[in-house]
Amino acid sequence: MIYLTGDTHTEWMKRLAFGSFPEGRTMTKDDYVIILGDFGIWEDTPDERYRLDWLDKRPFTTLFLDGNHENFDRLYSDEFPIVPFAGGTAQLIRPSVLHLMRGEAYMLEDKVFYVFGGASSHDITDGILQKGDPRIKIWNREYGMGERVYRFRIELETWWKQELPSEAEIAHGREILDKLGWKADYILTHCIPNEIKTLVDPERDESNVLMDFLQEVYEKAEFSHWFFGHYHMDEDVTGKMHVVYKQIRRLC
């Protein structure tokens, strides 16, 4: 069995507890729940270690894409080893919690899954600030008070440039697609192609290197369904494009 859900933002215990996900009781470690980005690797604290251990003890295996709200200093370090997994490579967070890496393809339940995480943060209209910027204390104190709500991130603390892919990651993604003949059963991402973004969020004027690459994939690749997160809604955008958030959707 394979289930998909959207952005968890560290709240794995709330989303995947048996009370909210009773199907988990009947699953095994050969079954998967895939989180479509913004999983929530953040600070290495006792609380995070407890929650990751809790997730590792679930009957199923948890897989996740990176989104734009992850600590990339950790994901791009040697803290989590890269291991072979399902025909591709993944990062081992716990024995049954793995990070599906950008541009990799995996064979799960006899289906080909092409995966590419990452996205550009939306909640940065007030900018990316450096640590120690005096505005941080002022804006945090005023956050949510009155009509002004500050939307900013702090570089290397709550925002990392690696939220968008490097040229090497995109080149790797194309190389894997070439090996697949640009065919996959499912495509899983956090972000979306430019063309689909106009359907999901038409008021936001946005384009970036990742959306351009995913537009290329959308135009060239053959696939049955494409699932993505990031937009905090559950909706079938088209017959083949689906945004997932709090829903836990059975795929196969």
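The following legends describe close-up views of a predicted model.

**View A. The largest pocket and its lining.** The largest pocket of the predicted model has a volume of about 240 Å³. Its lining is made up of 15 residues, and those closest to the pocket centre are Tyr76, Ile82, Met101, Arg102 and Glu169. At least two lining residues come from strand 5 (88-94), and at least two from helix 5 (167-180). Sorted by class, the lining holds 5 nonpolar, 5 polar and 5 charged residues.

**View B. The salt bridge between arginine 102 and aspartate 66.** The structure holds 14 salt bridges. In one of them, the side chains of arginine 102 and aspartate 66 meet with an N to O distance of 2.8 Å. Arginine 102 belongs to the loop between strand 6 and strand 7 (105-108), and aspartate 66 to the loop between strand 3 and helix 3, so the pair ties together parts that are 36 residues apart in sequence. Arginine 102 has a relative accessible area of 6% and is therefore buried. Aspartate 66 also counts as buried because its relative accessibility is 1%.

**View C. The salt bridge between glutamate 216 and arginine 174.** A salt bridge of 2.8 Å, N to O, joins the side chains of glutamate 216 and arginine 174. Glutamate 216 is part of helix 7 (residues 209-220) and arginine 174 is part of helix 5, so the pair ties together parts that are 42 residues apart in sequence. Glutamate 216 is buried, with a relative accessible area of 19%, under the 20% limit for that class. Arginine 174, at 34% relative accessibility, is partly exposed.

**View D. Side chains along helix 5.** The side chains of lysine 179 and glutamate 175 form a salt bridge at 3.8 Å, N to O. These two residues are separated by about one helical turn because they are 4 residues apart in helix 5. Lysine 179 is exposed, with a relative accessible area of 64%, whereas glutamate 175, at 42% relative accessibility, counts as partly exposed. Alanine 171 is also placed in helix 5. Its relative accessible area is 42%, which means that alanine 171 is partly exposed. From C-alpha to C-alpha, alanine 171 is 25 Å from histidine 122 in space, and the two are 49 residues apart in sequence.

**View E. The buried residues of helix 2.** In helix 2 (46-56), the buried residues are Glu48, Arg51, Leu52, Trp54, Leu55 and Asp56. These buried residues pack against helix 1 (12-15), strand 3, helix 3 (72-75), strand 5 and strand 6 (97-100).

**View F. Arginine 58, a buried residue without a salt bridge.** Arginine 58 is located in the loop between helix 2 (46-56) and strand 3 (61-64). Although buried, arginine 58 has no salt bridge; aspartate 56, the nearest side chain of opposite charge, is 9.8 Å away. A salt bridge would require a distance within 4 Å between a side-chain nitrogen and a carboxyl oxygen. Apart from neighbours within four places in sequence, arginine 58 contacts Leu16, Ala17, Phe18 and Lys29.

**View G. The surroundings of isoleucine 35.** Isoleucine 35 lies in strand 2 (residues 32-35). Its relative accessibility is 0%, so isoleucine 35 counts as buried. When neighbours within four places in sequence are set aside, isoleucine 35 is in contact with Thr5, Gly6, Thr8, Trp12, Thr62, Leu63, Phe64 and Leu65. Isoleucine 35 and phenylalanine 85 are 50 residues apart in sequence, and their C-alpha atoms are 16 Å apart in space.

**View H. Two residues with positive phi values.** Aspartate 110 has a phi near 65°, a positive value in a residue other than glycine. This aspartate is found in the loop between strand 7 and strand 8 (111-116). With a relative accessible area of 71%, aspartate 110 is exposed. Histidine 230, likewise a residue other than glycine, has a positive phi near 80°. The loop between strand 12 (222-228) and strand 13 (235-236) contains histidine 230. Histidine 230 is buried, with a relative accessible area of 8%.

Definitions and conventions:
Residues are numbered from 1 along each chain as its sequence is written. This is a predicted model: local features need pLDDT of at least 70, side-chain atom pairs count only at pLDDT 80 or more; totals for chains, interfaces and linings use all residues. Side-chain values use heavy atoms; hydrogens and water are left out. On a 1 Å grid over the protein atoms alone, a cavity is a set of points where a 1.4 Å probe fits but cannot get out, and a pocket is an open set with protein on both sides within 12 Å along at least five of seven lines; lining residues have an atom within 4 Å of a point. Grid points are joined across faces, edges and corners, and a volume is the space filled by probe spheres set on the points. Ala, Val, Leu, Ile, Met, Phe, Trp, Tyr, Cys and Pro count as nonpolar, Asp, Glu, Lys and Arg as charged, and the others, Gly among them, as polar. Buried means under 20% relative accessible area, exposed over 50%, partly exposed in between (1.4 Å probe, protein chains only). Lys and Arg count as positive and Asp and Glu as negative; His and the chain ends are not counted. Contact means heavy atoms within 4.5 Å.
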